[in-house]
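I opened the file to look up the ligand contacts before going on to single residues. My notes follow in the order in which I looked things up.

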Amino acid sequence: MERKTRAAILGATGYSGAELCVLLARHSHAEIVSVFSSGKKDVRPVPFARLHPLLGRAAGPDAEPFSQGRLDASRPDVVFLATPNETSAEVAPKILDSGAKVIDISGAFRLRDAADYPKWYGFEHPAPGLLAEAVYGLTEWCGEELAGARLVANPGCYPTSVLLALKPLLALLAPGEAVVCDSKSGVSGAGKKSDVAYSFSELDGNFKAYGVGVHRHEPEMRQELGLSHEAPFVFVPHLLPVVRGILTTLHVTFRAGVGAADVAAAFARYDGQPFVRVRPAGELPELRDVVGTPRADIGFALLPGGRGVLVSVIDNLLKGAASQAVQNMNRVFGHPETEGLS
Ligand SMILES: NC(=O)c1ccc[n+]([C@@H]2O[C@H](COP(=O)([O-])OP(=O)(O)OC[C@H]3O[C@@H](n4cnc5c(N)ncnc54)[C@H](OP(=O)(O)O)[C@@H]3O)[C@@H](O)[C@H]2O)c1
């Protein structure tokens with residue numbers, strides 16, 4: 001009989017942790033052995049089926065207040081961390097010491113340089129030695145390093161939408177010209193915290209930019225694009241009055257002579273990839289094309305003067321978090337990449 005991959009989820013009472021419960025509950029080669037909340041608000045266990053409406057009557061362990069002892073007792077092969085950055089940074093080393101692998105959905109292991117953490121995340125990194133080991137899990141851009149990896153840093157939601165569209169085209173861009181990323185996210189991107197900025201009366205019928213020049217996803221994108229802090233790269237996040245989904249509009253300038261056929265040829269690297277769909281020139285995707293799916297959709301249009309517009313859409317809680325984490329688990333443990341996701 002097959003031995004299934006034993007998965008635990010920290011942060012299962014949060015938005016992305018609950019999505020993980022749904023995906024892993026229907027995974028043929030994994031079983032959920034324990035799920036945890038912070039225990040700060042509700043010390044009583046939360047029944048598994050109540051973690052997400054899509055769980056219906058699915059059977060699974062109750063979400064208990066997190067304790068390292070209870071986690072270890074469930075003998076997981078892999079622990080998903082859908083927790084705040086500082087929590088992930090603190091617990092990941094202990095989990096790795098116990099012999100389990102870690103797939104972290106937070107930003108705790110995404111940046112290579114520990115010196116960036118106080119500036120962008122507001123804390124000294126407690127385990128800087130693990131930053132070099134963590135595999136940055138933008139799945140379509142990972143090779144053999146994912147197979148058997150101990151620690152996967154799942155990419156941020158905005159970076160997933162930007163990097164999937166931009167990375168294939170880097171060699172086609174005019175050197176020195178600015179790349180402008182206008183990204184708009186649904187409110188679930190901020191998690192379930194209560195803050196007046198995310199309240200219904202502030203958001204309904206409203207639309208705003210925020211975090212210009214100070215958003216922590218900016219250094220992550222520069223790192224993964226190989227750009228210095230000074231390179232002309234502009235990232236403007238916006239808050240959309242919808243619950244889920246990210247639409248990124250990228251403004252780029254191509255080298256002289258680059259045409260639609262060159263752009264299409266560069267995007268052909270995604271041919272055969274199950275979770276990235278590139279549209280023909282001029283056909284632009286919308287949020288509703290991907291919300292509720294584990295897929296990124298990308299479109300592009302060329303304008304006179306070598307300018308180009310790329311549009312990239314994802315569900316922030318799926319390709320931007322939980323489904324990409326499961327895609328990574330599949331690659332780490334050698335399961336079919338689409339298992340639990342299609
Ligand atoms: N939301 C997104 O679109 C998205 C996308 C990509 C990555 N991320 C990242 O994924 C992580 C989770 O995000 P989210 O939006 O799902 O957050 P969330 O909805 O706010 O949920 C956070 C979860 O972490 C638990 N938690 C909080 N403090 C804890 C502690 N000290 N120990 C153990 N558990 C603790 C919470 O438990 P309680 O229910 O008990 O409070 C809850 O289950 C964050 O690092 C976020 O940056 C989020």
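I began with Gly-14, which has a backbone N or O atom 3.0 Å from an oxygen atom of the ligand. I take a polar contact as a pair of N or O atoms within 3.5 Å; within protein, one must be able to donate a hydrogen and the other to accept it, and residues adjacent in sequence count only if both atoms are side-chain atoms. For Ser-16 I found a polar side-chain atom 2.6 Å from an oxygen atom of the ligand. Ser-38 has a side-chain N or O atom 2.6 Å from a ligand oxygen atom. I then looked up the cover: the ligand on its own has 900 Å² of accessible area, and the protein covers 84% of that. Accessible areas are by the Shrake-Rupley method with a 1.4 Å probe; for residues, only the protein chains shown count as cover.

The model is predicted: local features need pLDDT of at least 70 and side-chain atom pairs pLDDT 80 or more, while totals for chains, interfaces and linings use all residues. Residues are numbered from 1 along each chain as its sequence is written, and side-chain values use heavy atoms, with hydrogens and water left out.

I found 28 residues around the ligand, and the closest are Thr-13, Ser-16, Ser-38, Thr-83 and Lys-192. The criterion is a heavy atom of the residue within 4 Å. By class, I noted eight nonpolar, 16 polar and four charged residues. Here Ala, Val, Leu, Ile, Met, Phe, Trp, Tyr, Cys and Pro count as nonpolar, Asp, Glu, Lys and Arg as charged, and the others, Gly among them, as polar. Domain 1 (5-133) and domain 2 (158-316) each give at least three residues to the shell; the bounds come from an automatic or database domain assignment.

I looked up the backbone and found a positive phi of about 50° at Arg-75, which is not a glycine. Most residues other than glycine have a negative phi. Arg-75 sits in the loop between helix H2 (68-73) and strand S4 (78-81). Helices (H or I, at least four residues) and strands (E, at least two) are DSSP runs, numbered from the N terminus. Arg-75 counts as exposed because its relative accessibility is 56%; buried means under 20%, exposed over 50%, partly exposed in between (1.4 Å probe, protein chains only).

Which residues of H8 (260-267) are buried? I listed Val-263, Ala-266 and Phe-267. They lie on the same side of H8, because they cover an arc of only 100° around the axis. The arc is taken over the directions from the helix axis to the C-beta atoms. Ala-261 and Ala-265 are exposed, on the face of H8 turned away from the buried side.

I located Ser-312 in strand S14 (307-314). Its relative accessible area is 0%, so Ser-312 is buried. A polar side-chain atom of Ser-312 lies 2.7 Å from the backbone oxygen of Ser-161.

Ala-171 is in the loop between helix H5 (157-166) and strand S8 (179-185), and is exposed at 62% relative accessibility. Ala-132, in the loop between helix H4 (116-121) and strand S6 (135-136), is exposed at 68%. I also noted that Ala-132 and Asp-113 are 8.5 Å apart, C-alpha to C-alpha, and 19 residues apart in sequence.
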